[in-house]
Amino acid sequence: MNKEMFGVFGDEDEFARFRSPDEFDRVVGGDEVTVGIRDPGLTVPGRSATHTADGDACVVWGEVFPPDDRDVNAACWLLERYSDVGADAFADLNGSYLAVVDVDGEAVVATDPIRSWECFYTDGPGTRVFGTDAAAVGRTIRSPRVHEESVLEFLHIGVVLGEKTCFERLRRLPMDSALRTDEVERLSRFVYEPREFDYVGELARRLERAIERRAQYPGEKGLLLSAGYDSRLLLSQIPGLDDSYTVGSSDAQEVSGAQRLSDQYGTTHSAFTPDDRYLHADERKVRYSQGIKESLHIHHAGYDDQIDANTMCHGLLCDTIFRGHFTEQASVEVCGKRVPFGKLDPDPEPVDVLLDKFGYRTEASRDLSRYTSTDLDPETFVRNAVRSEFESHRGRFDAVQNGLDCCGIGNQPSMPFHTHLSDNYFEAFLATDAELLDWHLQTPPEHRTTETFLRACERLDPDILRIRPPDRPHDSFLLNEVEGFIRRTVPFVRAFESAWPDRAAIFDQYDLDRRLFPDAEYVHDLPVRHKLRINDISGWLAQCSESARDIDELLQDPVPKPA
């Protein structure tokens, strides 16, 4: 990867057993830990930083701001603060980051509150190794063994849940936690504590400050723009945006809407035709999946050579942090279709909700199970896995709806999108701002809605809804749902288009069965999304271990050809 953090609980000699210091821009060592980082943003405010003093050391990696937007080295600030208050110092840090502190013989590695960066770790002979690149950490394991349950989770729901990875001895830090020499410590920065306050006004003020923090990154500024709500906020508020980009055909509703928004705010717009580059996951794109999430979510990766930007903005997780993506709406069934009506379900079944949000499909999963070597019933397996993960977050939420958001945020499927962007650009990750996360945790779920978010956006720009999303022509949530239902069910009425290109059509058009699975024709009948997952996980394992290279080690032909 272009940017990386890699470290050991040990000295520089121990570090050199696993990696050459020449691979990194800086190698920083304290009494207990040695860390190497590679990041062109080391001299850019708001980005990675290092500091050492009297044998103590600190590294912050990613997008990171000290409190009160102080113009200081974030690593220097954190080292001093940790010396005063210990692990409570992490509660004052802001951004999307990993932080390493080595003070007075005590070493700790901490995630940001929502684990927007994964920290992978493993325990070799006498040494704990950690880092941001799962493949790099995985390759330090002698004779790695594939963790079959994790592979099954990935294939069936597209996510490896919790702390697991696809290797038995490769783990990752949980959400809101810290790694120490011989333990993992759960922190308490991400805990739901709902209260009453001015939800709209406070969100508007916090959005304005969060955007301002991220408005000064260098070079040409780009924005990944949809026709929906989230990215248009950045389009309207970040000064000096040069270009906006959308993946879609020139005649698609999504592209047309994004073009009109770009015209409204005077920004150049480019649309990328959804060809094989949209779906095909080569070795580099698969690397960003980390073996735990689908590379499919990196919609723009195939078009990097057409993007002329140094800084990239996006609206990832805005729907989750501000608009309750994982919470469950009450609904009625009409003609076999669910129609939500804008109120929270008073008694949601968390496993059902999360499986639906993760995109689990029972029949497709049963088809896939024919190709696996296990006799597990897929429905029972995935339900037990999701229930266990939901229950693991119990201490962080007070009600099921908050638990849905908490579990969804901790296992967000789309994070490879962020991993790729941050590795190739100066990435502005608005939704991880500490003030906005606090707003999320303090706002009751019935107020974390699209309506609240849009009213806050209008405080910043009264004209922000002049051009409506193509599938939401009305102010009323209920009216939008009713019109969408009518368009889907009434003959000769054009339905709202999906925001995403037709994956199955692209897969067939560019003969990806032959290109991805020339020697495994038995998987050709599986749904496209499952075939893409197979390509992801087999490709990722191949980057980590010579013994896990062939797809036949993951799957088997249910009807083998006679010898």
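**View 1. Surface of the protein chain.** The accessible surface is about 22,900 Å² (Shrake-Rupley method, 1.4 Å probe). Carbon and sulfur atoms account for 44% of that surface. This is a predicted model, in which local features need pLDDT of at least 70, side-chain atom pairs count only at pLDDT 80 or more, and totals for chains, interfaces and linings use all residues. Residues are numbered from 1 along each chain as its sequence is written, and side-chain values use heavy atoms, leaving out hydrogens and water.

**View 2. Overall fold.** The protein chain has 21 helices and 19 strands (DSSP runs: H or I of at least four residues for helices, E of at least two for strands). Its radius of gyration, taken over C-alpha atoms, is 23 Å, close to the 24 Å that the globule rule (2.2 Å times the number of residues to the power 0.38) gives for 563 residues, so the chain is as compact as a globular protein of that length. The C-alpha atoms fill a box of roughly 75 × 70 × 45 Å along the principal axes.

**View 3. Interior of the chain.** Of the 563 residues, 59% are buried (under 20% relative accessible area, 1.4 Å probe, protein chains only). Take contacts (heavy atoms within 4.5 Å) between residues at least 6 apart in sequence: 68% join residues at least 24 apart.

**View 4. An open sheet of 6 strands.** The order is S2-S3-S1-S9-S8-S10, with antiparallel pairing (at least two DSSP bridges between two strands). Strands S2 (26-29) and S10 (171-172) stand at the edges with a single partner strand each, so one side of each lacks a neighbour in the sheet.

**View 5. The S2 and S3 pair.** S2 pairs with S3 (residues 34-38) in the antiparallel sense over 4 bridges. Val28 has Val35 of S3 as its bridge partner.

Notes. Buried means under 20% relative accessible area, exposed over 50%, partly exposed in between (1.4 Å probe, protein chains only).
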